Every structure is written in C-alpha cells, then in structure tokens.
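Take a moment to look over the structure shown here, and turn it around if you can. We will walk through it step by step, starting from the inside.

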Amino acid sequence: MRTIQLFDSRFLLPVVALALILLTNLILSPEFFHLEFKDGRLYGSLVDVLNRSAPCALLAIGMSLVIATGGIDLSVGAVIAITGAVCANLLNSSIDSISLIVLAGLFVGVVAGAVNGGLVSFFGIQPIVATLVLMVAGRGIAQLINDGQIVTFQNPAFASIGVGSIFGLPSPVVITLGIFLLAQAFVRLTAMGLFIEASGCNPKASSYIGIPVRTIKWSVYVMSGLCAAVAGMIITADIHGADANNAGLWLELDAILAVVLGGASLAGGRFSLPLTLIGVLIIQAMTTTIIMSGIDPKFNLLIKSLIIVTVLLLQSPILRGQIRGFFARKHKAENSAVVESQS
Amino acid sequence: MSARFIPVVVTAVLFLALLIAGSLQFSGFASPRVLLNLLTDNSFLAIMALGMTFVILSGGIDLSVGSVLALSSVLCAILVEKHGWHPLQAIPVVLIAGAAFGAIMGALIHVYKLQPFIVTLAGMFFARGLATVLSEQSIPITHSFFDSVNNFGFSVLGGWIGSATLLLIVVFAFGLWLAHFTRLGGYIYALGGNSTSAALLGVPMGLTTISIYTLSSTLAALSGIVYTFYTASGYALSGVGMELDAIAAVVIGGTLLTGGYGYVLGTLLGVMIMGLIQTWISFHGSLNSWWTKIFIGSLVLAFIIFQRGISAGFGTKKAKI
C-alpha cells in the first residue's frame with residue numbers, strides 16, 4: 001500500500017516522462033534498444049545514454065543533497081575544470097602512482113566543497129553567491145594551473161577511468177552506480193538523510209532539537225565537491241586531457257535541472273536520489289532521442305526548455321488545482337444543467 | 001551617514017583607489033580617453049546589469065539575460081539583413097519581443113509560484129535555443145544606418161562620447177528615476193525587503209513581479225541591440241555567461257542578494273570596476289586574461305563577506321534596542 005502511494009505521488013510524473021521519451025524512441029527508431037556484447041563489453045544506444053549521463057549524474061547526486069538543505073552549488077562545473085587540470089598536470093609530472101593522483105583529484109573536490117560550505121554555513125552567505133565566487137574564479141584557477149593550454153597526457157591506466165569497462169559496462173557507469181549506492185546507503189540507512197531534509201525544511205527548529213545544522217550544511221557542500229571531482233576525473237580521462245575552458249561547462253545547470261525534474265523543490269526540505277537519477281536520464285535520453293530521430297540538433301535547446309517548463313508546470317500544485325477547479329466547475333455546470341432539465 | 005549607503009560608498013572608494021593605483025603605475029591610465037572607452041566598451045553589460053539590479057533588489061534572479069542578448073542580436077540582424085527592414089523598424093519589434101519574453105517568465109514565477117532561478121534557467125535555454133534555430137551562423141550587418149549611428153558622437157578632452165555612451169546615460173537616468181521617484185520602485189524595494197509584509201501593505205505582487213522581469217528582459221534586449229551595433233553582426237553564441245558578469249557587477253555594486261538593499265548607481269560603479277580591472281590587465285601586458293576571472297571572483301567574495309559584516313552590524317544594533 002505504502003509503495004503504491006509513493007509511486008502515485010512522487011515517482012509518477014518523472015517515470016512517465018522517461019517512459020514517454022523511451023516510447024518515442026521505440027516508435028521512431030527501434031534500433032535504440034539494440035544491445036550488443038562485443039569484445040567483452042556491452043554496446044548500444046542505451047549504454048551510450050548511461051555512459052554520457054554519468055558526469056551529470058554524479059553532479060546531480062551531490063546537488064540533490066545541497067538542494068535538500070535549501071542551498072545550491074553553482075561551482076561544480078568549475079570544480080570539474082580544476083580537478084581535470086590538477087590531475088592532467090600531475091600525470092605529466094614525475095609522480096607515477098595513479099592512486100595518489102586520484103586522491104589528489106578528490107582532495108581538490110573536498111577543498112572546493114569545504115570553501116563553499118564554509119562560506120554558506122559559517123559566514124551565512126547566500127548559497128547562490130557563495131558558490132558563484134568559485135564558479136567565476138574556478139575556471140581562472142584551472143587556466144592558471146594549465147598555463148592557458150589544454151594539457152594532454154598519455155596514461156592508459158588513468159584513461160581507463162573514462163574509457164575502460166568494468167563487468168562489461170563502461171567504467172563511468174559503474175563508478176556512478178557505485179557512488180549512487182554508497183550515497184543512498186549513507187542517507188537512507190542512517191539518519192543523515194533525515195537530518196539533511198530537516199536542515200532544509202526548518203533550520204531553526206532543527207538546531208533546537210539538536211541537529212548540528214551548520215555541520216550538516218557544510219558537509220553536503222563537501223560531498224558535492226567530492227562528486228564533482230569524480231566527474232572531473234571521468235571527463236578528463238575520457239578526452240585524455242584537461243580543457244580549463246570547456247570541461248563541464250554549464251553541467252551544473254543540467255545537474256540542477258535533473259534534481260528539479262526529479263520533483264525536488266529548490267526551497268529545500270526533501271530529496272530523492274533515485275528520482276534525481278531519473279531526472280538525469282530524462283535529460284540525456286531527450287538529447288539522444290533528438291539526435292536519433294533526425295531532428296536538426298539545433299532544436300535541442302529549444303525542445304529541452306519547452307519540456308522543462310511543461311514538467312515544472314505539471315508539478316506545480318497551483319496548476320493542478322486550476323485543472324481540478326476547471327473540471328469541477330464543468331462537472332457542476334453539467335449537474336446544474338441536469339437539474340434544470342429535470343425541473 | 002546612513003549605514004545603508006556604506007556599500008555604495010565603499011564601491012566608489014574602491015573604484016577611485018583602483019584608478020589612482022593604475023595611474024601611479026601607468027601614465028595615461030586615468031585619462032578621460034580610457035575612462036570614456038570604459039563606458040563605451042561596457043555599455044551593453046551596464047544596461048543588462050541595470051535590469052539585473054531591479055531583479056535582485058526584489059529578491060529574485062534572472063539567468064536568461066545573456067541569452068536574451070543573443071536572441072535580440074540575431075533577431076535584429078535577420079530583420080535588417082534578410083527581410084530588408086530599416087533598423088528603426090526592427091528595434092521596436094526586438095524590444096517588444098524582449099518585453100513579452102520577460103512578462104511570460106514573470107507570470108510563470110508569480111502565478112505558479114515557481115522559483116525565479118529555475119524559470120529563468122529554462123528561459124535561458126529557450127532564448128539561446130531560439131537564437132540558434134533562427135541562425136547558426138553569425139550574420140554580418142551592412143546597413144548604412146549602423147555606420148551613421150556608430151560614427152555619431154563628439155570628442156571631449158581627447159575621449160569619445162558615442163551613441164552607446166549617450167544611451168547608457170539616458171538608461172541609467174531612467175533607472176534612477178524608476179528606483180527612487182516612482183511607485184513601482186518603492187514596490188520593488190518592498191518586495192525584496194519582506195514579501196509578506198509587502199503583500200499585506202497592499203503592494204500588487206503580481207503586477208510588480210511581472211513588471212520586474214519584463215523590465216529586465218527589455219533592458220537585456222536593449223543591451224542586445226547595443227551589442228549588435230557594437231559588433232555590427234548578430235550571432236547566437238554571443239553573450240554566453242554574460243548573466244554572471246551582470247550578477248557580479250550588481251554584487252560588487254553593493255546590492256544585497258537577499259533583496260531590499262542596493263542602489264542603481266552602485267551597479268554602474270560595479271560595471272566600471274570590472275572594466276577597470278580588465279583595462280589594468282591589458283595595460284600590464286604580461287598578465288594573462290584568466291587573472292580577470294580570479295580578480296573578479298575574489299572581489300565578489302570580498303564584497304559579500306564585507307556586506308555580511310555590515311548586516312551583522314545591523315543585527316546587533318536591533319538586538320540592543
């Protein structure tokens with residue numbers, strides 16, 4: 001009973017939207033669902049959608065937690081660029097331990113997140129502005145590290161993060177899935193998720209009942225930075241280079257969008273990581289569908305914006321009320337017509 | 001002096017300090033020519049930032065302005081070049097289209113209680129998408145009217161005051177009038193200060209919200225027209241990320257992002273400071289352009305921490321009373 005209600009209220013719209021997009025594919029181009037097992041790994045459009053959505057999904061996992069506390073993290077795209085620059089330069093240096101380089105990349109994410117979180121929770125600065133600082137300055141810092149160049153590297157071991165495969169699936173997909181499961185366990189098997197939602201819902205009340213609101217808010221930005229660092233390493237490994245200008249450009253907006261499409265409110269107070277992932281898949285499946293269906297890719301942004309507005313409006317309780325009111329009025333009018341004809 | 005003026009005064013002092021530091025380092029840095037060029041080269045950003053000021057004063061945000069700039073430049077170029085319209089016919093159409101776009105966003109925000117951030121984000125995608133659909137290539141404009149407008153102006157003290165600078169002055173005079181001498185200006189401050197109180201005091205919330213976003217989009221469309229004249233072309237990829245510059249200029253100008261506090265004049269100073277940093281870097285020669293981003297980021301950071309300190313000061317005063 002409880003699961004049915006859950007599906008009814010929050011899962012219905014995002015799942016239906018994703019199903020509609022997949023259905024469009026089934027009609028327009030059935031080869032979309034074709035899967036092939038070759039050279040020990042899976043190929044096909046569906047795998048491609050998953051693979052391409054991995055960086056955005058990682059950002060969106062961190063972003064869900066940040067948004068649940070009523071915040072926002074605009075800096076994740078810039079964190080991707082900095083992580084990429086740090087890793088690419090380390091790969092070209094004398095350090096040859098991959099795990100050390102990966103740790104350095106993660107450290108960048110933690111530092112960036114700690115700065116953002118510190119500004120938000122300890123200085124009390126609005127999340128949009130606090131993270132805007134790093135969004136603007138971050139790409140400058142990445143260019144500084146790269147000395148204005150696109151730094152490339154030759155390192156098959158590091159590159160396998162982006163282009164390799166684990167258990168027959170592209171490694172970005174497996175990494176993302178692993179982090180998703182970890183995050184989901186962390187927030188739902190412990191009270192952490194509840195604390196995050198409480199901090200977003202009513203920070204004052206939460207701190208009165210003993211929830212360390214500041215620490216919670218600080219830690220979600222650290223987690224978001226960490227997720228962005230992983231996404232940054234995947235993107236860098238994928239193209240064998242760090243492009244400070246374009247790596248992860250505007251990806252933060254897609255991530256925020258995915259969270260909102262998943263039914264979360266930017267005002268905070270609730271989140272669902274599975275729904276966020278569905279939101280990410282909606283965005284990526286939509287992009288792939290537009291390409292596959294032969295529509296000129298220049299229509300991509302336009303169609304995307306129209307779908308966003310439609311989903312947002314459908315989620316708005318006010319529009320639902322208006323529709324209900326419209327039908328109720330119609331119903332009433334019919335009833336009164338019936339009454340009149342009877343009398 | 002009222003504490004409300006402190007952020008704007010600090011911005012002005014910072015501007016003067018940068019100017020003095022620059023002129024001590026480089027001769028000719030503080031010349032009228034450099035200063036007037038600052039106005040010309042940043043006129044489109046300043047007009048856009050003025051619209052953003054009103055949005056932020058009301059406690060909202062408008063991410064769509066950079067895309068609206070691109071859309072209006074493409075629309076203007078198409079109407080003039082492909083359809084043979086006179087620019088004086090095309091400009092009102094572009095401005096009205098911009099106003100309608102903003103009105104729709106404002107209506108969505110007010111009627112359906114959607115967050116401004118996400119509505120204007122969708123607006124940003126829509127305007128950029130529409131501009132790309134209209135033309136993927138840059139459209140050069142070779143209308144004689146463009147040349148005569150661009151050549152119009154007069155020289156003052158070795159500097160040049162062109163049509164863009166004149167327009168900028170007119171638009172800012174309008175902004176000052178709107179903010180401080182009209183009822184709508186009062187409504188906007190009230191909405192940003194405390195929307196619940198504003199509603200209880202009889203501020204027409206819907207009308208004000210829609211007016212704010214209409215104003216912002218119209219000014220963004222106007223800055224798109226200025227940009228079209230500046231580059232003599234229309235291109236769907238122009239103004240990418242310019243909304244961030246506009247927001248940064250408003251913050252450096254001393255407007256609080258929580259809404260309710262700030263001045264139109266501060267925004268103009270904010271734009272000038274950002275332009276001055278760029279000028280300083282180009283005078284310096286050996287510094288790379290990415291330092292601009294780092295400087296502006298640091299400046300925004302310094303300002304928000306400083307503002308935080310001031311508003312905390314307000315808090316303690318209130319607490320004592």
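Which residues have the most contacts inside the largest nonpolar core? They are A:Leu59, B:Met48 and B:Val300, and the core has 199 residues. A nonpolar core here is a set of buried Ala, Val, Leu, Ile, Met, Phe, Trp, Tyr and Cys residues joined through C-beta atoms within 7 Å. A residue is buried if 20 or more other C-beta atoms lie within 10 Å of its own, exposed if 12 or fewer, and partly exposed in between, with the C-beta atoms placed from the backbone. In soluble globular proteins, nonpolar side chains tend to be buried together. Helix H10 of chain A, residues 213-239, gives the most to this core, with 17 residues.

Before we go on, a word on reading the model: it is predicted, so local features need pLDDT of at least 70 and side-chain atom pairs count only at pLDDT 80 or more, while totals for chains, interfaces and linings use all residues. Residues are numbered from 1 along each chain as its sequence is written, and chains are lettered from A and ligands numbered from 1 in the order in which they are written.

Now step back to chain A as a whole. Chain A has 14 helices and six strands; helices (H or I, at least four residues) and strands (E, at least two) are DSSP runs, numbered from the N terminus. Along its principal axes, the C-alpha trace of chain A spans about 95 × 55 × 35 Å. Buried residues make up 46% of its 343 residues. Two residues are in contact if their C-beta atoms, placed from the backbone, lie within 7 Å. Among contacts in chain A between residues at least 6 apart in sequence, 78% join residues at least 24 apart.

Where do the two chains meet? In all, 33 residues of chain A are in contact with 37 residues of chain B. On the chain A side, helices H5 (127-146), H11 (251-261), H13 (300-315) and H14 (317-342) each supply at least two residues, and H5(A) gives the most, with 11 residues. That side divides into 23 nonpolar, seven polar and three charged residues. For this count, Ala, Val, Leu, Ile, Met, Phe, Trp, Tyr, Cys and Pro are nonpolar, Asp, Glu, Lys and Arg are charged, and the others, Gly among them, are polar. Leaving aside neighbours within four places in sequence, B:Val300 is in contact with residues of both chains, including A:Leu132, A:Val136 and B:Ile252.

The 24 residues of helix H4 of chain A (98-121) should span 34 Å at 1.5 Å a residue, and the end C-alpha atoms are 34 Å apart, which agrees. The expected span is 1.5 Å times one less than the number of residues. Among the buried residues of H4(A) are A:Ile101, A:Gly105 and A:Val108. Their cover includes helix H3 (76-91), H5, helix H6 (156-163) and H10 of chain A.

Strands E1 (35-38) and E2 (41-44) of chain A pair in the antiparallel sense over four bridges; two strands pair if DSSP finds at least two bridges between them. A:Phe37 stands opposite A:Leu42 in E2(A). Two residues lie between the strands of this hairpin, and A:Asp39 in the turn has a positive phi of about 50 degrees.
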